[in-house]
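Subject: Structure for you to look at, with notes

Dear colleague,

Here is the structure I promised to pass on to you. Please open it alongside this message, as my notes follow below.

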Amino acid sequence: MSNRPALPAEIARRRTFAIISHPDAGKTTLTEKFLLYGGAIQMAGQVRAKGEARRTRSDFMQMEKDRGISVSASAMSFDYQKFRFNLVDTPGHSDFSEDTYRTLTAVDAAIMVIDGAKGVESQTQKLFEVCRMRDLPILTFCNKMDRESRDTFDIIDEIQENLAIDVTPASWPIGMGRDFLGCYDLLRDRLELMDRADRNKVAESVKIEGLDDPKLAEHIPAGMLATLREEVEMARALLPPLDIDAMHEGTMTPIWFGSAINSFGVRELMDGIGVYGPEPQPTPAEPRQIAPEESKVSGFVFKVQANMDPKHRDRVAFVRMSSGHFERGMKLTHVRSKKPMAISNPVLFLASDRELAEEAWAGDIIGIPNHGQLRIGDTLTEGEMLKVTGIPSFAPELLQTVRAGDPMKAKHLEKALMQFAEEGAAKVFKPAFGSGFIVGVVGALQFEVLASRIEQEYGLPVRFDASQFTSARWVSGPKAKVEAFIAANKQHISYDNDGDVVYMTRLQWDIDRVGRDHPDIALTATKEMM
Ligand code: GDP
């Protein structure tokens, strides 16, 4: 990565990232402080989200409600110093791992927030694994240092052990809990002091000349200063220094300590994202990868959100710009259909408001309202037939049959289901044999969310029931072999919402048997979005 060509300044200043964390670690609070320092909101506390709802829908959507203005559903852009930050929301609940995975295809880095008292929690671990699959650079923020936390070395050890990643301290905490004074900035040799009296006040930073500077004693009690010197000496001896290439390759994470709610450590983290955070990266595609500095515009859809405005049955496709300088009104080629599309009313999700996007550069996220033409995984270009890769669809782990409370409404139900399938909220399968639909999801909570959305957005009460099947696998192979396979296994065959053939069963044994009896047929648990 380090030998990539210099990017045009507008692209080079972009930082596109997501925040990953276990619920309650402080993602919402940190987001709020980002916006505060990005000048997008005037006062902290404006975006506080409450209740369980925010865990099942977007945090930002709840913010939108709370603030009574339209922020965005899934992405927010704001300027910080000379940088343009694009923060992409990841769904908070573990049941949305597929959505999360796809969201992470749209970012160049992730901020991992952990609670200083709890360390690496289950959800952090899962999300981290997803980042690892893509070698995403990760910057770590250890939050809630104003509370009794674990020993700093223990926290770092735990991250190194559990996540198998090198950790380098970007700052070092001075005291903890009631005695937490602030941090020593190891990258800039500065002292950052926390102001407990005013949560929204930016920490005072004291310029000093290294750890031997006598000025330190004016701010830190003797005992704590001795501990700080000792710990920093140990840390510098035991832990690796920041290696930007290793960070960009995802094998090293710098860690900042702070307290989001006290606005402490957040600016240092933001500075870190700006200075070290990766610039927009190339996008993997067939038959060639796309470089951000290419003059031609391209981008891909990583998320579709339907019914953002209940009055209009429109959808917004979230597009990550892969290259070039997009201007409103441009005609782009929708590669899947090979049709031109005039992008006349794209939206940019500036955190202060949702605005028409007059322009966008590689790295930006824009929303394109459409009536269903744009699907997850679609590529837009200025004509070249490029197909962005690496946006998978996962086989659902839970299957249920669904039917409308009112049998007369079956057609409506089909329409609603197709819409959610295209949005990526569920997989919908039509069995070759018999009637009705089977819906597949990755986590149980999604059934509840679907049922409530179908009822709210389409006015259709529905019932989900256990399905006779528990696993679904996509079927591929030579055409004639696939046809013979379908004919011989009719009871097990369904078609997904793209019309692709799926084999369903409740026994792993069946899947193994197919492997033995039909060497030309491949059953797979993922498929590339086409
Ligand atoms: P999320 O679930 O990750 O979005 O977490 P929130 O941002 O909603 O924070 C969870 C809880 O932790 C809330 O009650 C916050 O007020 C609290 N919290 C967030 N940051 C801090 C912090 O730095 N110190 C303390 N003591 N509490 C915090």
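What percentage of the residues of the protein chain count as buried? Of the 530 residues in the chain, 47% count as buried. Please keep in mind throughout that this is a predicted model, and that the values below are computed from it.

The overall layout

The protein chain holds 15 helices and 33 strands, and the domain assignment divides it into domain 1 (15–276), domain 2 (285–388) and domain 3 (395–528). Taken over C-alpha atoms, the centres of domain 2 and domain 3 are separated by 29 Å. Where these two touch, nine residues of domain 2 are in contact with five residues of domain 3, and the domain 2 side of that meeting is made up, by class, of four nonpolar, three polar and two charged residues. Among contacts in the chain between residues at least 6 apart in sequence, 70% join residues that are at least 24 apart.

The nonpolar cores

The largest nonpolar core has 98 residues, and those with the most contacts inside it are Ala110, Cys131, Val301 and Val319. Strand E4 (residues 109–115) gives this core its largest share, which is six residues, while domain 1 (15–276) and domain 2 (285–388) each contribute at least three residues to this core. Val301 is in contact with Ala317, Phe318, Val319, Leu374, Arg375, Ile376, Gly377 and Asp378, once its neighbours within four places in sequence are left aside. Apart from this core lies another, of 34 residues, with Ala395, Leu413, Ala421 and Val441 among them.

The ligand and helix H2

The ligand is surrounded by 16 residues, of which the closest are Lys27, Thr28, Thr29, Ser259 and Ile261. By class, this shell consists of four nonpolar, seven polar and five charged residues, and its largest share, three residues, comes from helix H2 (residues 27–37). Is helix H2 enclosed by the rest of the structure or exposed? Helix H2 is largely enclosed, because 11 of its 11 residues are buried; among them are Lys27, Thr28 and Thr29, as well as Glu32, Lys33 and Tyr37. Just after H2, Gly39 takes a positive phi of about 75°.

Pro23 counts as partly exposed because 13 other C-beta atoms lie within 10 Å, a number between the limit of 12 or fewer for an exposed residue and that of 20 or more for a buried one. Although Pro23 and Asp115 are 92 residues apart in sequence, they are 9.8 Å apart in space, C-alpha to C-alpha.

Leu228 in helix H9

Leu228 has its place in helix H9 (residues 222–238), and this residue counts as buried because 21 C-beta neighbours lie inside 10 Å. Not counting residues up to four places away in sequence, Leu228 touches Trp172, Ile174, Tyr184 and Ile220. Leu228 and Ala357, for their part, are 129 residues apart in sequence and 48 Å apart in space, C-alpha to C-alpha.

Strand E31 and its partners

Strand E31 (residues 501–505) is mostly covered, with five of its five residues buried. Val501, Tyr503 and Thr505 point one way from E31, whereas Val502 and Met504 point the other way, and all are buried. Which strands pair with E31 in the antiparallel sense? One of them is strand E29 (residues 471–476), which pairs with E31 over four bridges, and here Ala472 stands opposite Met504. Strand E30 (residues 493–495) also runs antiparallel to E31 and is joined to it by three bridges, with Tyr495 standing opposite Val501. E30 and E31 form a hairpin that has five residues between the strands, and in this hairpin Gly499 takes a positive phi near 85°.

With best wishes

Definitions and conventions. Residues numbered from 1 in each chain as written. Predicted model: local features only at pLDDT ≥ 70, side-chain atom pairs only at ≥ 80, totals over all residues. Near = placed C-beta within 6 Å. Helix = DSSP H or I, 4+ residues; strand = E, 2+ residues; numbered from the N terminus. Nonpolar A, V, L, I, M, F, W, Y, C, P; charged D, E, K, R; others polar. Core = buried A, V, L, I, M, F, W, Y, C linked by C-beta atoms within 7 Å. Domains from an automatic or database assignment. Contact = placed C-beta atoms within 7 Å. Pairing = 2+ DSSP bridges.
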